[in-house]
Amino acid sequence: MSSPSTPLLEVRDLRIGFPNPRGGEVFPVDGVSFRLDRGETLALVGESGCGKSLTSLALLQLLPPPGRVLSGSSIKLEETEILSLRGEALRAIRGRRIAMIFQDPMTSLNPVLTVGSQVVEALTAHRRWSRADAKARTIALFEEVGIPDPAQRFAAYPHHLSGGLRQRIMIAMALAGEPDILIADEPTTALDVTVQAQILELLDRLRAARGMAVLLITHDLGLVAGRADRVAVMYAGQIVEEAGTTDLFERPSHPYTRGLFRSIPRLHESVLRLSPIPGTVPLPSAWPSGCRFHPRCAEVLARCSTEAPLNTELETTGPARRTRCWLASPLPPRA
Amino acid sequence: MRGSLKRVFATAWHTPSGQVGAVTLLLIALVAVTITPFLPDPRIMPDLSGGAAPPSFAHPFGTDAFSRDILSRVVHGARVSLSIAALAVALSISLGAAVGTTAGYFGGWVDAVLMRSVDAAMAIPRLFILLLLVLVWERIPPAALVAVIGATGWFATSRLVRGEVLRLRELDYIRAAKALGAGSPGIIFRHVLPNTLGPLIVAATLGVGEVILLEAGLSFLGLGIAPPTPTWGGMVHDSESLMATAPWTGLFPGAAIVITVLAVNLWGEAMRAAVDPRTA
Amino acid sequence: MIGWLIRRGLQAVLTFAAAIVILFFLMRVTPGDPLMRMTEDRQISVAEMARLKHRFGLDQPLALQFITFTSAAIRGDLGVSIYRYPDRVLDLIVARLPASLLLGGTVLLLNFTIGVWLGVLQAARRGQFIDRWLTRLSLSGYAMPSFWLALVLVYFLSTRWRLLPSAQMTDPLLDPSAPFAVRTFDLLRHLLMPAFTLAIVTIAATMQYQRTAMLEVLRLDFVLAARARGLTESQVRWRHAWRNALFPVLTLFGLWLPILVSGSVFVERIFNWPGLGSLAWEAINGRDYPLLLGTSMIVTLLVILGGVCTDLGYWLLDPRVRRP
């Protein structure tokens, strides 16, 4: 099943705690495990508030205070435990081994610095560059991410550029450190539909050309098809289903995944048939007992409200499949 | 609205600085009221030849050049300073609210003239306006001092209130037009003023600290309440020539100013944070 | 750029004009006239009084007085001092300007460097021990009357420990032909106490503004993005966050110049610093209205110019307000 080689990135039992204003602590990310291999794209999918962005921030120890990663969690980049890194060692990972692009390119660029100088800064954060070389490299990166007139754009300020161009700048900046992993947190949500496809295509092309692994975080299962190798579906701080993309699209095993599929708008279907999952993701202070999805689940059983389903491994010919649902048929016990 | 003001007070009270500020202020008020009758009359000069004596059991803060008890003068000074500050700030807040609502409500050239004048007035340092006004009197009566300080402190308040009136005029335009008839001045009193209550209370509190300092400054320049009525600024003024030989004559009244203003500002900042939690 | 400068300049001129109207009428609307007030305790004959009135133009109608006054002021003639008759007000002011600018500039420098640095530190350590105590300390400074702090500092640093001189700008016993370095050192020793007095009582505002502005900026996405890129903490804090958190502090300078000017009246008087503040004090003491009015006008002009400089700073530092 799982390959014997060490994965590029392995997250085990990640738990993130925030102090609750009404006392105690809440856990918006509560026992997340996944792996990411070289050159593959893993999509982390879920509604907003399910903990996927916090998970990605924790990978670089960028949780907003006063959030903390609980002991017992582990994030391993090959042999290195990221969670035990501090100071310079941590800085050497950020941007250099794992780079990140964000949802809103309007706010992710510093408005008072030229875009060129911000890319140069990303270059020099990890290596010595002469001024001229850094500028030349930046312009080459601009070209690589498909920015027209790259030499002219060097001295532009962010407010001179369109949203799509800014996201390309962000990607150029992420490529500057030649990272092994690119985390893309809702990279197209803030962009026009036509620009969305271009950006996703660019990401896929760069992944193939550079052999990067991509962790694509999105709320939109529709974006995932044909772009991700594997999908992990998150709900209420946990991964509820994990499968190869083809597997998942052919036979989603978790009712939440099926619900997400039903809520994707399709052009050839009538809008009336679009049926979003009723309700919203509960707050971390009120995760339901038993299966966390049971209050919104169309196929709820009696035991769902009291017993948390186990993470069950399912039979497949593709990449490993797991699901957290009592309806899923468990593997026969091993001999 | 009353409820939201209560919430501001409660939130401010639950911060450490807010509590320190409020408790200190209450203590100062309590002391000023309760122990005043038991202290010697601060105006009487018991011994003209005695000179300043250092702190002792009989005179915990020492005595000044005319052998007057400094503790008694500091406590009496608290009443003078605090009442002048409170009255002057009440005056300037009312003036500011009146001018601000007028400008915001009428708009047009009324607004333009009023606000341009406020801009110009704010460019003149307040102390200089006060100096020009105060210099008229050889011995300024307390009421005139209150009027003069109050009349020079409303500029920022009027801008605050005007902004709120404009915001609410936009916000409630249709509803107000339907329910109350457009242009009813009642809107102002029912909606605008209650809405500015939080920021106004904060401005008033911080204004009290500012006025205590201003009043002390005028007294220090010899332009405030005339002797022998004790004022903190006046006591520091009297101590100037004695500082080298009798530093307690200036130390205690000055410390009284610092503690009072600090307490007022701590409480004011705590309320500001409660009104606008992002800056906490 | 040119168009903007002209508009901003025009606005400043109008504000100054309105301020002059306010100042003039403040002085003349109050009961009595300046000569009455200054001559209350002197023996002056009626004829002499009339002659003086005529000399100062006080026998004219109010509107005419105002026109005479402003048209003279535009030509740079602020009238003649009463207390220091027959010195011209403008000459007296110009003579005091360098000392005031030196003191004010030093305070601005101290305030800006120390205040900004501490405010940024506070924002970075929000809610922690050092943040809470820096707020309390700066608020304590803010609560101090400058004249009292000056007296206390003089008591300790001059009277008791004899570390610093307590008055004047230079040592009167110092040979004026002494080497430049010696004279500069002497000037610095005299500058230290007045400058720090004013800096201590005003620094809280800079710190609070800087802290608040930094907190707002540190929340923004591009700060997180800069961290994710592997930049050092000081790059994130200064190059990215502070560059954006600087603008509110610039605005503060416009609001803050009046406080500095007022504070200098007390501090210059105590330290005998020969600037505009002590000139204002001499005008008060001598009941010299033309001199006080002239000083108020110059001080107002400085404040308005400070505001223009602030806007100019915005213009130069924020690429977003620059037209492409």
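**A walk across the sheet of chain A**

Select β7(A): A:I98 and A:M100 point one way from this strand, A:A99 and A:I101 the other way, and all are buried (20 or more other C-beta atoms within 10 Å of a residue's own, C-beta atoms being placed from the backbone). Strands, like helices, are DSSP runs numbered from the N terminus (E, at least two residues, for strands; H or I, at least four, for helices).

The model is predicted, so local features need pLDDT of at least 70 and side-chain atom pairs count only at pLDDT 80 or more, while totals for chains, interfaces and linings use all residues. Residues are numbered from 1 along each chain as its sequence is written, with chains lettered from A and ligands numbered from 1 in the order in which they are written.

Now show the whole open sheet, eight strands in the order β7-β8-β9-β3-β10-β11-β13-β12 (chain A), with mixed pairing. β7 (98–101) and β12 (312–314) of chain A are at the edges with a single partner strand each, so one side of each lacks a neighbour in the sheet. From one strand to the next the twist averages 20 degrees.

Turn to helix α6 (residues 163–176) of chain A, which packs on the sheet and touches β7 and β8 (181–185) of chain A. Contact means C-beta atoms, placed from the backbone, within 7 Å. The direction of α6 makes about 175 degrees with that of β7(A); axes are lines fitted to C-alpha atoms, for helices over the stretch in contact, and angles run from 0 to 180 degrees between N-to-C directions.

Finish at β12(A), which pairs with β13 (residues 321–323) of chain A in the antiparallel sense over three bridges. A:T312 has A:T323 in β13(A) as its bridge partner.

Conventions
Pairing = 2+ DSSP bridges. Contact = placed C-beta atoms within 7 Å. Buried ≥ 20, exposed ≤ 12 C-beta atoms within 10 Å, placed from the backbone.
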